[in-house]
Amino acid sequence: MGCGRVGASLAQTLEEHGHSVAVIDQNPEAFRRLTGSFSGHKVTGLGFDRDTLIKAGIDDAYGFAAVADGDNSNILAARVARETYGIENVVARIYDPHRAEIYQRLGIPTVATVRWTALQVLRRLLPLGATDEYRDPSGQLTLVQVDVHAGWVGRPVTALEAAAGVRVVYLSRYGDGVLADARTVLQENDVVHVMARVDELATVERVLTAEPQETA
């Protein structure tokens with residue numbers, strides 16, 4: 001739902017990956033953002049209106065993304081998709097970070113646009129410790145991008161896991177994603193993404209942003 005710049009880019013990317021896509025927008029002029037090669041379904045209407053959703057094929061949908069301009073519309077549409085039609089893979093774009101956290105705890109994955117952008121800018125300016133990227137519906141586990149002290153470079157990711165009590169999920173290395181395993185060694189400029197318990201994040205930050213402690 002939503003054929004702005006984000007919605008149009010998302011729809012076309014999904015189609016390029018072989019998925020069938022329906023795009024909903026209440027303004028038919030918005031569909032001009034889609035390229036001429038887009039072969040998906042274009043539906044004019046409100047994304048939380050049942051008739052519109054049925055016309056878009058909600059009954060057969062694998063996922064639903066609410067990326068219109070309004071927080072209220074996105075949350076309402078996401079809840080209808082989840083609660084009325086049983087769509088498990090639902091995500092909503094929310095500008096208000098406080099509201100995004102509330103809905104995240106209610107089990108609706110959200111992308112808090114303003115907060116995400118601010119954090120990405122800050123991360124390029126300052127070390128920030130751990131930055132949330134995803135939280136599971138229970139709110140107990142979180143995938144975070146974490147700053148790591150230079151002293152960890154050259155050590156296996158298993159050393160980070162043992163010291164901080166986390167699971168290193170993947171590394172961002174020169175623009176590529178690297179799935180971490182027992183043989184993976186941290187290199188300079190790697191960006192580390194770990195899964196950790198929310199209530200242990202303070203400890204994770206303290207351990208990984210400090211120089212490794214040598215064991216006897």
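This is a chat about a predicted model of one protein chain.

Student: What is in the chain, in terms of helices and strands?
Tutor: The protein chain has 7 helices and 10 strands. Its C-alpha atoms fill a box of roughly 70 × 35 × 30 Å along the principal axes.

Student: How many residues is that, and what share counts as buried?
Tutor: There are 216 residues in the protein chain, and 37% of them count as buried.

Student: Which elements have the lowest and the highest mean pLDDT?
Tutor: Helix α5, residues 113-123, has the lowest mean pLDDT, at 59. Strand β1 has the highest, at 97.

Student: What should I do with a low value?
Tutor: Where pLDDT is low, the predicted coordinates should not be read in detail.

Student: Changing topic. What is the volume of the second largest pocket?
Tutor: The second largest pocket has a volume of about 800 Å³. It is lined by 31 residues, and the closest to its centre are L14, V21, G63, F64 and A65.

Student: How does the lining divide into nonpolar, polar and charged?
Tutor: For the second largest pocket, 21 lining residues are nonpolar, 8 are polar and 2 are charged.

Student: Next, salt bridges. How many are there in the whole structure?
Tutor: A search finds 6. One of them joins R93 and D69, with the closest N and O atoms 3.6 Å apart.

Student: Where do R93 and D69 sit in the chain?
Tutor: R93 is in strand β4, and D69 is in the loop between β3 and α3 (71-84). The two are 24 residues apart, and the pair links distant parts of the chain.

Student: Are they buried or exposed?
Tutor: R93 counts as buried because its relative accessibility is 11%, under the 20% cut-off. D69 is exposed, with a relative accessible area of 64%.

Student: What about E83 and R79?
Tutor: Their side chains also meet in a salt bridge, 3.0 Å from N to O. Both are in helix α3, and because they are 4 residues apart, about one helical turn separates them. E83 is exposed at 52% relative accessible area, while R79 is partly exposed at 37%.

Student: Which residue does D199 pair with?
Tutor: D199 forms a salt bridge with R197, and their closest N and O atoms are 3.3 Å apart. D199 counts as exposed at 59% relative accessibility, and R197 as partly exposed at 34%.

Student: Why would such side chains pair at all?
Tutor: Side chains of opposite charge can pair when their charged atoms come close.

Student: Last one. Where is T142, and is it buried or exposed?
Tutor: T142 is found in strand β7, residues 141-146. T142 is buried, with a relative accessible area of 0%.

Student: What lies 3.0 Å from a polar atom of its side chain?
Tutor: The backbone oxygen of Y134 lies at that distance from a polar side-chain atom of T142.

Definitions and conventions: Residues are numbered from 1 along each chain as its sequence is written. This is a predicted model: local features need pLDDT of at least 70, side-chain atom pairs count only at pLDDT 80 or more; totals for chains, interfaces and linings use all residues. Side-chain values use heavy atoms; hydrogens and water are left out. On a 1 Å grid over the protein atoms alone, a cavity is a set of points where a 1.4 Å probe fits but cannot get out, and a pocket is an open set with protein on both sides within 12 Å along at least five of seven lines; lining residues have an atom within 4 Å of a point. Grid points are joined across faces, edges and corners, and a volume is the space filled by probe spheres set on the points. Ala, Val, Leu, Ile, Met, Phe, Trp, Tyr, Cys and Pro count as nonpolar, Asp, Glu, Lys and Arg as charged, and the others, Gly among them, as polar. pLDDT is the predictor's confidence in each residue, from 0 to 100. A salt bridge is a side-chain nitrogen of Lys or Arg within 4 Å of a carboxyl oxygen of Asp or Glu. Buried means under 20% relative accessible area, exposed over 50%, partly exposed in between (1.4 Å probe, protein chains only). A polar contact is a pair of N or O atoms within 3.5 Å; within protein, one must be able to donate a hydrogen and the other to accept it, and residues adjacent in sequence count only if both atoms are side-chain atoms.
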